[in-house]
Amino acid sequence: MTDGPALRPVLDALPYGIAVIDGASRLAYTNAGFWRLVGVDAALCPPGTALRDLVRMLCYRGFYGAGDPEAQTVAVMAVDRSRPSVRRLRLLDGTRMVEIASVPLPGGAFATCAHEITDLVQAGAQAQDRVRLAENVLASLSGGVIAYDGAHRVTLANAAMETLTGCLPGSIRPGMTHRDVLAAQVARGEFINTDAAAEVAERLARNRAVHSVRQRERPDGSVLRLESHPLADGGFVVEVNDITALKRAEDEARRRAAVLDGVLEALPHGVVVFGPDRRAVMFNAAYARIMSGTGARIGETVEDLVARRRAEGEYDEATAAQVLLRFAATAEGEAARRAGMYRVRRDGTAVDNRMARLPDGGIISVFTDVTALHRAEEDARARAALLDAVLDALPDGVVVYDADRRARMANAAYRRIMGEAGVRIGETLEEVAARRVASGELTRELADELLCRHSGPVEQTGRPIRRVRANGTAILTRAGRLPDGGHIAVISDITALHRAEEELQRRAALLEASFAAIRHGIAIFGPDHRLLAWNDRTADLSGIPLVHHAVGRSMAELVEEQVATGVLSAAQAEEAALIDRARPHRVVRARDDGRLIEMLSDPTPDGGFVVTFTDVTALHRAEAEAQHRAAMLEAMLGTIRHGIIMYGPDRRLLAANAKAAELTGLPAGRMRPGRSLDELIDETVQLAQLSPQAGAEMKAMDRDRPQRYWRHKPDGRVLDVASDPTPDGGFVITYGDVTDEQRIRAELQAAREAAEAGSAAKSRFLATMSHELRTPLNAVIGFSEAIAGEADRARIEDYAAAINDAGRQLLLVIDDILDVARSQTGALAIAEEPVAIAPLLQAAARDMAPAAKAAGLALELVLPDGLPALRGDPRRLAQVLHKLLSNAVKFTPAGGRVSLSAGQEAGGVAIRVADSGIGIPPGDRERSFEPFTQLDGSLARRFQGSGLGLHLARSLATALGGTLTLEDAEGPGIVAVLRFPAARLVQPATAR
């Protein structure tokens, strides 16, 4: 650390004034800069001078500005020096500003550091002037502003905000919630172009803790730009039309002075000292911080420092030359040092460098970080440019006049709104007024009024003027004074608002007419309980003659009139006097003429109240009738044979009759009003009256739509359940016992199906028989006619054989029909005798062999040893086998195979007839057993037959005690299986 004597030249060279006062309040030390700053010869106040004498001398010399020097001395001496402090003073000359920092030292001493900040203050003042100019412009604009507190309630709003958001004038009041303001906009149709509910929900849910900007199109087509700013208390401000005041820039470059032995380290300015040899000998921490690693190094020469900074890119060639010039011991160097050096560094920070020569030939260089000031100036310039852009983008017209009343500028909106009638740059206000009068745009009187606004008192200048132009458009003009003596005029196109107000006036007249024609009596009272307004109906319903209804009469006076006319008794009057009008109140009184008058008292927001008189005679009669009907309905529900349960919109039980408890299986005591549907369903499941799955399905039903379903109870009963919604969002469930009805329906359905089957069978019989009988009869008739004219005996024998075959075929069809008829009437004769299976199957195969051969088929017989005998009718069994084999041969193409086999299974006997023919689909197999049925139903059927083969075969098999089914073959075709149970066997098989 450098000792005191060596440090004094450095302190004397500083451009700051430093003074140290010891613990006895006497001057201990001052540097040369202190006496230069205060303009006093140092010899007048040597070390040891009392602080009060020094302060008094400075006060009398105007150092502390204008005022009583003695009072100033007392004020300065009263400053608490045990705490750091910073003050700004304007000197007596009024042009210079000084900042004084006081820092306490050990032992009650303190040090002060003073430096001139005139340039800094002037820069700040210029920025403030720009901000004030911006505020005046913004205050004159028609942009809307609304502020909300932390609870999102309105704290302030201007009239333009109501106009731009579509709200009625005066409708936005402090204390309204954000939701209330949005509701007012919805009511005015501001969100008619969008989903209003979604728009309101989105705005309420928006995070107001962050800045946001958005645009919205109004119903009239205009577009607003809304900008939301968060507030420190949790509230926010919404600005319309993007008018943003310039932020005030403040310079935070002041630093507190430090104690004497550490004054350089505590200074907010960077200080570096170069010796006579141009080498760095010392620097403080502020210098290292400000230069951030690029500053001078102890022992480094100026030339080395400049070279290093050039290599690092910190200096260019011109900057390096300027720095070296400032170290030169020449007149040019001295001038450069005095001029100072302001530079923006490569990292974006800005520094102000001041230099002074030391007595020993060295140089002291002071660096001040002016980044904040630089950025504030840049921000002010940017905001000024932004303000220019905003003015051109504003929907309102803006024109600015200078102090000599000449137009300086006008934005695009002004030119669009005013057209040819607008001002021309450089034109005086008087010239504009004269031109507008000549063109008929203004009358002489209105032109004079406009001129007075710009030269009269401030109150008159700020008064807005509305007028309707000759072209039918309406404009609103506002004016404001500017700091330079000029003024600004803002013109808003309010044509839509003007037309809306005309419409409002028309609606107000309509509302007034409606108020007079309403069937209720209405009396409006102010906060002082005095009558403000009423309608004619009030006189009749209140019992007070119309002549006594005068504005200004008190409620007490009107009550006395009612007592006087006999409408109220004295007791009722006392009761009326005690009513708290700040709360809603209702009373119904009977009149002598039999009428019932309902009187409602409701408070108004301003502290008054409204009394409404309504003749409710008919309503009371209707309520009595409704109660009577409700009693009748309750009696009906108690005796009706259906169960009824009514639920409210919250799915809770409202009412239920006794039948509902009986049919649902729930005890009547559990069906209490207020219980939920889900609770009742769970209890029904617990009582085993309903399955868990059915309970879950009933809970999930959509009760907003009609539902109907059947519910089967454990006791076998069937309930018809219907659920129907009610207008209030609830629903009614109706239960009906349809057990008997379901049984009758089932019986009717079975009878209908039987009738339909009989009808279908009859139709098939007629269709089939008409074909099967016609074919052999045609042969009989044809061949018999041929015999009548034939002489050749051989031909006659052939014809006779054909006639015989046709007759036999016809006989077989008739026999089948008769057997079918016998089987359906129970008259089919079946013998009961032992039947050997093997010989019977062999005979059947032998009889079918010629037909199989003629069809080109291989007929196979498979008979195992030991087949048992059956108890039955051999003729009928052979008939069954013939039907099955005939079908197999008929439906098997040439080259195919037919197999007849038998075997024992499951204790009984199974006989199988298998073929490799066309087969039968599984879905058609049972239908093939119906009488007169052929699966090929076309008129040109490929296969002949009556359709009775399989039907008769199954009927005979059933009569013999067996079963006949159709099953899948291993390959193509079908297998007919005839099975007889063990009960039909009579003895073990014998060897063949």
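In the predicted model, an open sheet is built from 5 strands arranged in the order 12-11-15-14-13, with antiparallel pairing. Its edges are formed by strand 12 (280-283) and strand 13 (341-344), each of which pairs on one side only, and from one strand to the next the twist averages 20 degrees. Within this sheet, strand 14 (residues 350-357) and strand 15 (residues 363-369) run antiparallel and are joined by 7 bridges; in this pairing, Met355 stands opposite Ser365 in strand 15. Strand 13, strand 14 and strand 15 are also the strands across which helix 14 (residues 371-393) lies, and the direction of helix 14 is at about 70 degrees to that of strand 13.

A further arrangement involves two helices. Two packed helices are described by the angle between their axes and by the distance between those axes. Helix 25 (residues 677-686) packs with helix 26 (residues 692-700) at an angle of about 170 degrees, and their axes are 9 Å apart. Because an angle over 145 degrees counts as roughly antiparallel, helix 25 is described as roughly antiparallel to helix 26. On the side of helix 25, the contact is made by Asp678, Ile681, Asp682 and Val685, which meet Pro692, Gly695, Met698 and Lys699 in helix 26. Taken by class, the residues in the contact of helix 25 with helix 26 comprise 4 nonpolar, 1 polar and 3 charged.

Methods. Residues numbered from 1 in each chain as written. Predicted model: local features only at pLDDT ≥ 70, side-chain atom pairs only at ≥ 80, totals over all residues. Heavy atoms only, no water. Axes fitted to C-alpha atoms, helices over the stretch in contact; angles between N-to-C directions. Helix = DSSP H or I, 4+ residues; strand = E, 2+ residues; numbered from the N terminus. Parallel < 35°, antiparallel > 145°, perpendicular 65-115°, else oblique. Contact = heavy atoms within 4.5 Å. Nonpolar A, V, L, I, M, F, W, Y, C, P; charged D, E, K, R; others polar. Pairing = 2+ DSSP bridges.
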